[in-house]
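Here are some notes to read alongside the model. Take them one at a time, and keep the structure open while you do.

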Amino acid sequence: MTKPRIAFNWASSCGGCEIAVLELGTKLIELKDKIDIVFWPVALDFKYSDLESMPDKDIDVTFFNGAIQTSENLHLAQLLRAKSKLLVAFGACACMGGIPALANTKSKQQIFDSCYKETPTTDNPQAITPQTKFSAPEGELTIPEFYNTVRTLDEVADVDYYVPGCPPVGPQIEKVVGTILSGSLPPKGSVLGASDKSLCHECKLEKTDRKISKLVRSYETIPDPKRCLLEQGIICMGPATRGGCGALCLDANSPCRGCYGPLPNVVDQGAKMLSALASVFDAESEEELQKLAESVVDPIGTFYRFGLARSLLKRTKE
Amino acid sequence: MVTDLATRFEPRIVGFLCRWCAYTGADLAGLSRIKYPPNITPIRVNCSGRVDPMLVMKAFAAGADGVLIAGCHPGDCHYINGNVKTMRRFKLLEQLLSQFGIEKERVRLEWVSASEGGRYARIVESMTEEIRSIGPLNWKQKVVIPA
C-alpha cells in the first residue's frame with residue numbers, strides 16, 4: 001500500500017498550529033513511517049513551483065491553517081484545493097478567521113496608517129506603505145496584495161473537514177489524523193477533533209445558577225479557583241463554545257475565549273454568547289442594564305475574538 | 001415633487017412583533033385604517049423574548065436598513081417576563097451593533113399593547129423617517145464585498 005501523501009500549509013496565522021503539530025513530538029516520528037509529507041513550508045524546504053507542478057488531486061490530505069488575508073493566502077488555498085483530495089481547515093483561523101480576523105474592525109487604510117505611519121516607534125518620514133509592485137534596477141519586485149477584509153478558508157475554497165482550536169490540542173490532532181488515515185470518513189463538512197457539547201460540560205468549576213450584577217475584567221480580580229467564572233462576573237465564552245479542548249484555560253483559572261467556535265447548528269457564536277451573558281444579568285431597570293452593557297468594554301473583541309470572519313456581519317462599517 | 005417621490009430612498013425595515021401585543025396592535029392599526037408608511041415587513045413571533053440577537057444581525061446582513069422589535073409593555077408579557085429578557089439582551093446588542101458601525105436609529109425596541117394601533121403607526125412612521133434621513137445600509141454590497 002502506498003503511503004498517504006500529506007501537505008501542511010500556513011496562511012494568515014501566528015504559526016501556533018504548526019507548533020501544535022510539532023508538539024506531537026516522538027509521535028510525529030512514528031507517523032513519519034505511515035505518511036509521506038509532500039509540502040510543509042514551515043518545516044521542510046518546498047517551493048510553490050513544486051506544488052504547481054503536481055497533478056491535480058495528487059495530495060491525499062491538506063491541513064490548511066490560517067485565514068485568508070492576502071492574495072498569496074488566496075492563491076495557496078485555491079492551489080491546494082485543486083491538488084488535494086481532502087482539504088481540512090485546521091485551527092481557529094482557517095475555520096473562523098481567528099485573531100487575524102479582528103483586522104475586520106479596521107480598514108486596510110487604517111491598518112497601514114497605524115503600522116507604517118502612526119505608531120510612536122515608526123520612523124517613516126516619506127510615509128512609505130507596501131506596494132504590490134516596485135521597479136528596481138534589477139527588475140520588477142512584487143509582494144502579495146493585502147485585502148481589506150479577512151476571510152475564512154471556506155469562503156474561498158471548498159472545505160471537507162474543520163478542526164477548530166487555537167491551536168487544536170495535541171490529543172485531538174492525533175485523533176483527527178487517526179480518523180483520516182483509517183479511511184472511514186465522517187460526512188463532508190463535519191467538525192473533527194471537538195465535542196458536540198458546550199465547554200461547560202467539560203469544565204470542572206462549580207456552577208450554581210447565580211446571577212451577576214457587576215462585570216469584572218481578568219486583571220481586576222483574583223477569581224475563586226473553584227467557582228464558575230461567569231458567576232464571578234468574568235466573561236467566559238464557555239456556554240457558547242464547543243468543548244473538546246479539555247477546558248485548558250479554565251484549569252489555569254482563566255476564562256474561555258471561544259477558540260473552539262460555535263456549537264453545532266449555531267450560525268453566529270457572538271450572538272449566542274451575548275444572549276447567554278444577558279441571561280445571567282441580575283438587573284430589571286433600564287439604567288442598571290445600560291450600565292452593565294456599557295461595562296462590556298469591547299463587545300466585538302469579547303464575543304468574536306476568534307469568529308469575526310465567520311459571523312453574520314463579518315466586519316465593521318467604516 | 002413627483003420625481004422626488006420616485007427617486008427617494010425607501011428604507012426596508014424588518015419588524016419582529018410579538019403575537020399577543022405588538023402584532024395585534026399592528027392589526028388594529030390596519031383595522032382602524034390608520035395611515036402609516038409601508039416600509040415595514042412584519043414578522044409575527046410568539047414573544048419578543050424569542051428574538052435571538054442572531055435574527056437581528058441576519059436581517060442586517062441580508063439587506064435590511066432597520067430592525068424593530070416590539071413586544072408587550074413590561075409587566076404585561078403573556079409569558080410573564082419574556083419582554084424583560086429581551087430588554088436585557090437589547091442593551092448589550094445595541095452596544096455591539098454600534099461597534100459594528102450600525103447607527104443607533106436602525107434598531108429599536110418598543111413596547112406596543114394590543115390596543116395601541118395609533119402608537120404602532122407613529123413608531124413605524126418615525127423610524128422610517130429617521131432611517132430615510134441616514135440613508136441605506138446595504139451591508140453585503142457596501143461593507144462586506146469590497147474585499
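This is a predicted model: local features need pLDDT of at least 70, side-chain atom pairs count only at pLDDT 80 or more; totals for chains, interfaces and linings use all residues.

1. Strand β1 of chain A, residues 5-10, and β2(A) are joined by three bridges and run in the parallel sense. To find one spot to look at, go to A:Ala7, whose bridge partner in β2(A) is A:Phe39.

2. Five strands of chain A form an open sheet in the order β2-β1-β3-β5-β9, with parallel pairing. At its edges are β2 (36-39) and β9 (161-163) of chain A, each of which pairs on one side only. From one strand to the next, the twist averages 30°.

3. In chain A, α4 touches β1, β3 (59-65) and β5 (84-90), and the direction of α4(A) makes about 140° with that of β5(A).

4. Next, the domains of chain A. The chain is divided into domain 1 (5-99 + 149-182), domain 2 (107-147) and domain 3 (199-310). The centres of domain 1 and domain 2 of chain A, taken over C-alpha atoms, are separated by 29 Å. Their contact takes five residues from domain 1 of chain A and four residues from domain 2 of chain A. On the domain 1 side, β4 (68-70) and α4 (71-83) of chain A each supply at least two residues. By class, that side has no nonpolar, four polar and one charged residues.

5. What about the two chains? Their contact takes 29 residues from chain A and 26 residues from chain B. In chain B, the elements giving two or more residues to the side that touches chain A are α3 (53-61), α4 (82-99) and α6 (139-144). The largest share of this side, 11 residues, comes from α4(B). Sorted by class, the chain B side has 17 nonpolar, three polar and six charged residues.

6. One helix pair across the chains deserves a visit. Two packed helices are described by the angle between their axes and the distance between the axes. Helix α10 of chain A (residues 269-279) and α3(B) pack at an angle of about 145°, and their axes are 8 Å apart. The contact is made by A:Ala271, A:Leu274 and A:Ser275 of α10(A), with B:Pro53, B:Met54 and B:Met57 of α3(B). By class, this contact has five nonpolar, one polar and no charged residues.

7. Is α10(A) mostly covered or uncovered? Mostly covered: nine of the 11 residues of α10(A) are buried. Among them are A:Gly270, A:Met273 and A:Leu277. The buried residues of α10(A) pack against α12 (299-303) of chain A, together with α3 and α4 of chain B.

8. Finally, look at the largest nonpolar core. Of its 134 residues, A:Phe64, A:Ala89, B:Cys18, B:Phe60 and B:Val67 touch the most other members. Domain 1 and domain 3 of chain A both give residues to this core, so the core lies between them.

Conventions. Residues are numbered from 1 along each chain as its sequence is written. Chains are lettered from A and ligands numbered from 1 in the order in which they are written. Two residues are in contact if their C-beta atoms, placed from the backbone, lie within 7 Å. Helices (H or I, at least four residues) and strands (E, at least two) are DSSP runs, numbered from the N terminus. Ala, Val, Leu, Ile, Met, Phe, Trp, Tyr, Cys and Pro count as nonpolar, Asp, Glu, Lys and Arg as charged, and the others, Gly among them, as polar. Domain bounds come from an automatic or database domain assignment. Axes are lines fitted to C-alpha atoms, for helices over the stretch in contact, and angles run from 0 to 180 degrees between N-to-C directions. Two strands pair if DSSP finds at least two bridges between them. A residue is buried if 20 or more other C-beta atoms lie within 10 Å of its own, exposed if 12 or fewer, and partly exposed in between; C-beta atoms are placed from the backbone. A nonpolar core is a set of buried Ala, Val, Leu, Ile, Met, Phe, Trp, Tyr and Cys residues joined through C-beta atoms within 7 Å.
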